[in-house]
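Here is a short briefing to read alongside the structure. It begins with surface and overall shape, then turns to the core and a few individual residues.

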Amino acid sequence: EEYLEKRNRDFLVQEANLINSYIERNNLDVVNTGTGLRYQIHEQGDGILITEGDVVTLEYEMRLLDGNLICSSENDGKKTFLVGRGGVESGLEEAVLKLCKNSVATLIIPAHMAHGLVGDGNKIPSRATLVYRMKVIEKQ
C-alpha cells in the first residue's frame with residue numbers, strides 16, 4: 001500500500017511538471033483552481049454564469065498534452081450535458097461553472113479529474129491529461 005501511495009504521488013508530481021511545461025510552451029495565463037484543474041478564459045461571453053441544473057452545449061476540441069486530437073465537435077458532434085449530473089469529466093463540470101454563454105476557454109484537466117487510471121477504453125489512454133479548447137454555444 002505504501003508503494004502504491006508513493007507511485008501515485010510520483011505520478012502527480014510528474015503530471016504537474018508536464019502540465020507546467022505545456023502551459024509555458026503555449027504561453028497560457030491559467031488559473032489553478034486548487035483541485036488540479038487549470039483554465040484560461042479567452043472570452044468571457046455574456047449573461048449570467050452557468051449553474052448546476054443548466055443544460056450546456058459546447059463546441060470543442062479535446063487533445064492530449066502532446067497535441068494528439070482525441071475528439072472534437074467537428075468530428076463527433078457538439079457536447080451537450082446537464083451540469084451537476086456527471087456523465088462528463090469532473091474537470092469539465094468544474095470549469096463550466098466559471099463560464100457564460102459564448103465564453104471561450106482552454107482547460108487543462110489532470111487525469112484524476114478526467115478518465116483516471118484506466119482511460120476510456122477507446123481513444124483516451126490511462127492517466128491522460130486532457131486539454132479542452134471550447135466555446136459554450138448554448139445555456140438553458
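The accessible surface of the protein chain comes to about 7,900 Å², and carbon and sulfur atoms account for 47% of it. Please keep in mind that this is a predicted model. Of the 140 residues in the chain, 40% are buried.

**Overall shape and fold**

- Three helices and seven strands make up the secondary structure of the protein chain.
- Read from the N terminus, these elements follow the order α-β-β-β-β-α-β-α-β-β.
- The chain is as compact as a globular protein of its length, because its radius of gyration of 15 Å is close to the 14 Å that the globule rule gives for 140 residues.
- Along the principal axes, a box of roughly 50 × 30 × 25 Å holds the C-alpha atoms.
- Taking contacts between residues at least 6 apart in sequence, 65% of them join residues at least 24 apart.

**Nonpolar cores**

- The largest nonpolar core has 28 residues, and the members that touch the most others are Met62, Phe81, Leu92, Leu107, Ile109, Leu130 and Met134.
- At least two residues of this core come from each of strand E3 (55-64), strand E4 (69-72), helix H3 (90-96), strand E6 (104-109) and strand E7 (130-139).
- E3 gives the largest share, with five residues.
- A separate core of seven residues lies apart from this one, and its members include Ile19, Leu28, Leu65 and Ile108.

**Gln40, a polar residue under cover**

- Gln40 sits in strand E2, which spans residues 38-43.
- Its relative accessible area is 16%, so Gln40 counts as buried, the cut-off being under 20%.
- The side chain of Gln40 comes to 2.8 Å from the backbone nitrogen of Asp29.
- Beyond its neighbours within four places in sequence, Gln40 is in contact with Leu28, Asp29 and Val30, and also with Val104, Ala105 and Thr106.

**Ser72 in strand E4**

- Strand E4 contains Ser72, and this serine is buried, with 3% relative accessibility.
- A polar atom of the Ser72 side chain lies 3.1 Å from the backbone nitrogen of Asn75.
- Not counting residues up to four places away in sequence, Ser72 touches Tyr60, Glu61 and Gly77.
- Between the C-alpha atoms of Ser72 and Ile108 there are 15 Å, and the two residues are 36 apart along the chain.

**Leu12 in helix H1**

- Helix H1 covers residues 2-25 and includes Leu12.
- Is Leu12 buried or partly exposed? Leu12 is partly exposed, because its relative accessible area of 45% falls between the 20% and 50% cut-offs.

**Cysteines**

- A disulfide is a covalent bond between the sulfur atoms of two cysteines.
- How many disulfides does the structure hold? The count is zero.
- Cys71 is buried, with a relative accessible area of 14%.
- Cys100 is buried as well, with a relative accessible area of 5%.

How values were computed:
Residues numbered from 1 in each chain as written. Predicted model: local features only at pLDDT ≥ 70, side-chain atom pairs only at ≥ 80, totals over all residues. Heavy atoms only, no water. Core = buried A, V, L, I, M, F, W, Y, C linked by side-chain atoms within 4.5 Å. Buried < 20%, exposed > 50% of the residue type's maximum accessible area, 1.4 Å probe, protein only. Helix = DSSP H or I, 4+ residues; strand = E, 2+ residues; numbered from the N terminus. Polar contact = N/O pair within 3.5 Å; in protein donor to acceptor, adjacent residues only side chain to side chain. Contact = heavy atoms within 4.5 Å. Disulfide = S-S within 2.5 Å. Rg over C-alpha atoms; globule rule 2.2 N^0.38 Å. Areas by Shrake-Rupley, 256 points an atom, 1.4 Å probe, with all protein chains shown as cover.
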